[in-house]
Amino acid sequence: MARLTINGKSQDIDVDPDTPLLWAIRENVGLTGTKYGCGIAQCGACTVHIDGEAVRSCSMPVSAAEGKAITTIEGLAQNGVLHKVQKAWIDHDVPQCGYCQCGMIMAVAALLKEKPKPTDADINNAITNICRCGTFQQVREAIHMAAQSA
Amino acid sequence: MNHIPKINRRSFVVGAAATGGGLAIGLNLPFGGPQVVRAQDGSPELTAWVVIRPDDTVVIRMARSEMGQGTITGLAQLVAEELECDWSKVTYEYPTPGQSLARKRAWGDFSTGGSRGIRMSHEYVRKGGATARMMLIQAAANEWKVPAAECTAANSVITHGPSGRNTTFGRVAEAAAKLEPPKEVPLKDPKDWKIAGKSVKRLDTVDKVTGKQVYGFDLRLPGMLNAAIKECPVFGGKVKSFEAAKVAGMKGVRKVVQVGDSAVAVVADTWWQAKTALDALPVVFDEGENAKVSSASIATMLEAGLTAEQAFVGNQNGDAKAALGGAAKKIEAVYAYPFQNHVCMEPMNATARYTTDKCEVWVPTQNGEDALAYVLSASGLPADKCDVYKINLGGGFGRRGAYQDYVTQAVLIAKQIPGTPVKLLWSREEDMRQGHYHPIMQCKLVGGFDANNNLTALHMRLSGQSILAAVRPQVVDKDKGRDALVFQGLAEPALLGNEHSFGYSIPNLLIDHAMRNTHVPPGFWRGVNINQNCIFIECFMDELAQAVGQDELEFRRKLMAKHPKNLAVLNAVAERVGWGKPAPQGVYRGLAHMKAFNSYVAAVAEISIEGGGNRIKIHRIVAATDPGHAVNPAQIDRQVAGSFVYGLSALFYQECTIKGGRVVEENFDTYDSMRIAQMPRVESIIMPSGGSDPWGGVGEPTICVAAPAVLNAYFKATGKRLRTLPLKNEKITLV
C-alpha cells in the first residue's frame, strides 16, 4: 500500500513499494497519458513532474514518490485552461503519432519553469526524449513559441 | 509492399457473404437507394466515406490507419474538397474490417504501408465525397422542385441560384441518403482545390497533448487482465519447459500459459505484476541449430553471394560484364547494411476477448484486414464471428502491417481464458528481440570508364535477404524465385510498376541480387529496400565521379537526361544550397537522390567534422520532394523532417547484432535513436509536378537520401569513404 498525491489528489494505492511509479500511475490510478517506452529512463515517454521537476517515472519506485506532489500530463492544464506548452503544441501542429509527446510536453514544461526563455543550447541539454516519428524540428519551434507567449 | 493477407481474400468474401444480409451492397454501388444505411448514432450514410449528422457534422470514414503520418487528415481533405463541406465540421472514424468485408470491401484496401495511404486511395475517396455532394444537391433540388443544375454547394450549404433559397447538408442528408447515387461523378481539377492542397491543421492533435488519446496499450475494458510474454529469443526455437508453480503464488498472477510452441505468457491483474512474474519464471527453450548463427557467419554467407554465379536480374541493358572487361578504368567498392529494428515508441500489443461464439481484437494496426486474418487463423472461428477494432498507433513504420504476430499471441492467450479480455503488451526487450528486421544486405559495385572518362558500364550485385520470400513466398514463387522488391529505386521501369525506377541511363548496366536468407526474420521497415539501395548507388556515384575528377552533380546530370523529374529535384536542392559555390569555412556538402514510391526526392547535407572526423555536426539539410500532388504541404514538410530523424538514427546508431542466434541489443541504451540536440535544420522544397502520372507517396522516400548525403559530405570533409553502417562501429558520433 502506498499513499500518492497525483494532480493534487491524495489516494491510497494497493501496490508493492518497489513498483515503478509509471505503472502505478497507469494501472492502479488509471491515468494513461504517461507512457511506457523503455523502462530504463532512456526515452522519456514516462516523464512526470515530482515537486515540479521532470522525472522519468519508469525508474522511480512508488516508495520514493510518497509524500511528494506528482503531476501527470492530465494535471498540466489548470482550471480547464491548457498549459502554454500544450497550446503551442496545438498551434504548431507538433505531434505525429503523438505517443512520446506527453512526456516531451512534461519535460518542456519543466524546462520553461526553470528557464522561461531557453536558448537552443538549453533545449539541447534539457530535452533528451526520444521521438521516432522525428518531430524535433517542430518541437524546437514550438518551445520558442511557448516561451514567447505569456 | 504488395499485401496479400495470409488468408485468401476469397475465403473472406465467402465468409462475409454468408452473414452480409441487409448490409451486403455491391462493391461498386455506393450506398443510397431506398434502404438507408445508418451509422451507429443513427445518422444516414451517403457513401461509405460520408456520414452527415443533423447538426451538419461530417463524419469521414477511412480504412487506412493513422500512425502519425497525417494520412487521415489528408484523405479527409480530399473527401471534403469534393463534398464542398465546412472543414470545421469534419471529424473521422475507422470502419472495422469486419464491417468492410460484410459490405464487399466498401472502404477499399486497409493496408497502410508502402506510402500508399493517400496515393492509392485519392481517386475513390474523392469520388465518395463528390457522389455525396451530388446526392445532397439532388435532394435539395427535389424538395424545392427545381433542377439540380441550378443548385450549388459550398461550406455545407446548398443554394438555389435563381431564387437564393438555401439549406444545409444536415437538413437534407436523410432525403439524400434515399437517392440513387449518380453514375457519372466528375472530379475537380486540382488547380481548383480549396481544402486539399492546403496546410490545414491535423484533425487529431488535441487529444495527443492532453493525454486523452487512447493508444492500443492504453485500452481498458471491464474485467480485463494483462499479459506479458517471452518468446524463444533464438528465432525458430521452441519452449521446452517452464515451471508455472514457481510464480503461481505471486501477487496478481492469474495464469501462466504456453503460447503456440515458442512462447510463454503470464496473465495477471496488472501488466507490471505479469512482467515481474515472467521475469521470475524459469523457462527452458530448445534453441535449435539457429543458436550457432552470428553476425559474422551471416556476413560470410553474404560475402559469398557478392561473387556467386547465380543471381536474379532487376535491371539490365547492354552487356555490363563485357564492357567492364574492356574498360580503360575500373572502380570497385563493397557496401553493407545491417539488421535494424523499427522501434515504434509504443511496443507491440493487442487486446483479445474470446468465446466459442465470438473473437474480438482491439489493436493498433497498419492493416485491419490483415489483423482480422490473423484473428481468424488463431481463433479458428469464421469471419462472421470475428472482428477487429483499430486503435491509434504509437508508431508503425512497417512493423504493424505484414506481421501481426502479437495479434496471434493475444488470441491464443485469450482462448485459454475464455470470456475475459486480455491485453498483451510486449516489453521493450521483447520488442527488440522479436522484430521483423530491416533486411541485411551487402553490395558490390563495379564501374567502368572508357579512355575519355565516360562511364560505360555498371554492375551492382546485391547479396542478402528477401523480405518477400519470408512474407509473401507465393509472390516470389510466381516470379521464379526472384524478389522484385529488392530492386526498389534501382528497377527497370517495367518492374514494380515504374514506382521505383532507376534514375540513371548507363550504356551497359546490370543490377542483380544473390538471395541469401537468414533465420532472422525480415520485414518492411519504413522505406524498405530503398534505404540500402540509395546508399549503395548514391555513394558509389560520388566514388565514380571522384575517380575521374568530375563534380559529383555534373557527373550525375550527364546520366540523367532521360530522367527529367529525377533531375528536377536534384537541381532544386543544388540550387538552394548554391552547389558549385564555396560552402562556409569548414562546411562540406554531399548530395543524393532517388525515385521511390512514385515520388522523386533529393537532399544535400551540409556538415562539419570535429575530433579528426570522429564527430559529425550536420548544420543543414535541404530536401526536395515531388510527389506529383501535394495534399497537405505542412504535413509533407513534417514527414520530410521526420524522415531525417529516422534515416540518420539508422546511419549513426542502429544495428541489431546477432550472437548465439539472437539479437544482442535489447533497449535504447544499446540501440540509440537521435535526440533533439542532434537534429539539423531541415529545409524542405515541396515541388509537385502535377499532371496525370500516378501520385507519389511521402512517408518513406526521403529516409533513403539522409545517409548517402551525409556519407558523401563526410568524404569531402575527410577523404575517408565509409561504406558500412552504423557509424557507431567506426566510433563516429553525431553531435
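Helix H3 of chain A passes helix H6 of chain A in a right-handed crossing (the near helix is turned clockwise from the far one by less than a right angle). The model is predicted: local features need pLDDT of at least 70, side-chain atom pairs count only at pLDDT 80 or more, and totals for chains, interfaces and linings use all residues. Residues are numbered from 1 along each chain as its sequence is written, with chains lettered from A in the order in which they are written.

**Helix pair H3(A) and H6(A)**
- The axes of H3 (residues 84–91) and H6 (residues 136–148) of chain A come within 9 Å and cross at roughly 130°; axes are lines fitted to C-alpha atoms, with angles from 0 to 180 degrees between N-to-C directions.
- Lys84(A), Val85(A), Ala88(A), Trp89(A) and Asp91(A) of H3(A) make the contact with Ala142(A), Met145(A) and Ala146(A) of H6(A) (C-beta atoms, placed from the backbone, within 7 Å).

**Interface of chains A and B**
- In chain A, 45 residues are in contact with 44 residues of chain B.
- H6(A) gives the most to the side of chain A that touches chain B, with five residues.
- That side of chain A divides into 22 nonpolar, 17 polar and six charged residues (Asp, Glu, Lys and Arg count as charged; Ala, Val, Leu, Ile, Met, Phe, Trp, Tyr, Cys and Pro as nonpolar; the others as polar).

**Contacts of Val710(B)**
- Leaving aside neighbours within four places in sequence, Val710(B) is in contact with Gly590(B), Ala605(B), Ile607(B), Ile616(B), Ile618(B), Leu648(B) and Leu651(B).

How values were computed
Helices (H or I, at least four residues) and strands (E, at least two) are DSSP runs, numbered from the N terminus. Two residues are in contact if their C-beta atoms, placed from the backbone, lie within 7 Å.
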